[in-house]
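Hi,

Here is the structure you were waiting for. Have a look at it first, then read my notes below.

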Amino acid sequence: MKINRMKKKNRKTSIAGIFRKSAVIISLLGVSIGAYLLIHSLQAVTLLPITQIVFTGNRHLTDEELCALSGVHLHDSLLSLSGKAVSAQLFKSPWIRSVQMRKQFPDILSLVIKEAEPFALLDMKGHLFLVDEKGTLLEELRDDSIPFLPVIAGDPFKQKEGFIEAVSLAKVMSEKGFAAERDQIEIIADKPEELTVMIDGTRVKIGNGDYEQKLERLVTLEEEVRSRGIPVEYIDLRFANRAVVKPIADMVVR
């Protein structure tokens with residue numbers, strides 16, 4: 001009789017243990033399901049949705065173009081937005097030089113943009129492109145409004161060194177105010193040592209390097225040629241410490 005009672009007691013204990021384990025498993029399962037539903041419900045609700053995107057500093061790219069580039073949309077979460085990711089998207093445009101992003105809680109995204117400045121026009125096989133001071137092609141001009149900028153004629157993909165030197169020369173011309181005093185400047189980007197510029201109809205062989213000194217000599221020569229009324233075929237500044245002025249009929253060496 002004693003043995004039977006012990007068996008019954010052990011059986012009851014085992015059943016109670018099974019019920020306790022089942023209750024624990026059911027509780028854990030319930031907690032897991034509840035957490036899952038909570039997470040998904042939170043994901044469905046955007047935290048601090050953006051109601052306004054403000055761009056400043058952009059003059060060439062429109063707000064709509066910048067929005068499309070950035071990948072940011074109204075009602076995106078301001079809280080979870082990554083400044084690094086947004087900047088990386090905007091930097092895909094050659095026009096963008098810097099981006100400063102600021103979150104104005106609770107709902108405004110502010111982006112300060114610094115754009116590249118058109119520095120010259122590239123005439124490549126009859127197609128005109130805006131170029132910045134580093135020689136980066138910004139975009140092709142597709143309308144009739146052509147800004148007054150120095151023109152670089154050539155193919156930067158075939159004459160890379162000549163194109164780099166042409167950009168350097170255009171930069172010196174801009175910094176020294178030389179370009180602003182001329183009506184038309186066209187730099188022919190060939191081999192660096194054969195770099196040539198058409199300045200208001202006068203052909204100037206300028207060669208490679210020492211552009212500041214060469215332009216100073218050119219200004220002096222232009223004044224003398226103008227005062228004498230000499231029709232010039234070309235001016236050659238490639239030689240150190242001297243210049244060759246080739247009139248239409250004769251040659252004058254200085």
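Predicted model: local features only at pLDDT ≥ 70, side-chain atom pairs only at ≥ 80, totals over all residues.

Helix 5
Its buried residues are Y211, K214, L215, L218, L221, E222 and V225. Seen down the axis of helix 5, they fall within an arc of 125°, so they line one face of the helix. After helix 5 comes G229, with a positive phi near 65°.

Three strands form an open sheet in the order 1-3-2, and the pairing is mixed. Strand 1 (52-56) and strand 2 (96-104) are the edges, each pairing on one side only. From one strand to the next, the twist averages 20°. Strand 1 pairs with strand 3 (residues 108-115) in the parallel sense, over five bridges. There, F55 has L111 of strand 3 as its bridge partner. Two helices are worth a look here. Helix 2 (residues 63-70) lies across strands 1, 2 and 3, at about 110° to strand 1. Helix 3 (residues 83-90) packs on the sheet and touches strand 2 and strand 3. The direction of helix 3 makes about 150° with that of strand 2.

Strand 4 and its partners
Strand 4 (residues 120-124) is mostly covered, with four of its five residues buried. Strand 4 has an antiparallel pairing with strand 5 (residues 127-131), over five bridges. A120 stands opposite V131 in that pair. Two residues lie between the strands of this hairpin, and K125 takes a positive phi near 55°. Strand 4 also pairs with strand 7 (residues 151-153), in the parallel sense and over three bridges. In that case L122 faces I152 of strand 7.

The whole chain
There are five helices and 13 strands. Of the 254 residues, 34% count as buried. The accessible surface comes to about 16,400 Å², and carbon and sulfur atoms hold 57% of it. Among contacts with a separation of 6 or more, 49% join residues 24 or more positions apart.

Best wishes

Definitions and conventions. Residues numbered from 1 in each chain as written. Heavy atoms only, no water. Buried < 20%, exposed > 50% of the residue type's maximum accessible area, 1.4 Å probe, protein only. Arc of directions from axis to C-beta. Contact = heavy atoms within 4.5 Å. Areas by Shrake-Rupley, 256 points an atom, 1.4 Å probe, with all protein chains shown as cover. Pairing = 2+ DSSP bridges. Axes fitted to C-alpha atoms, helices over the stretch in contact; angles between N-to-C directions.
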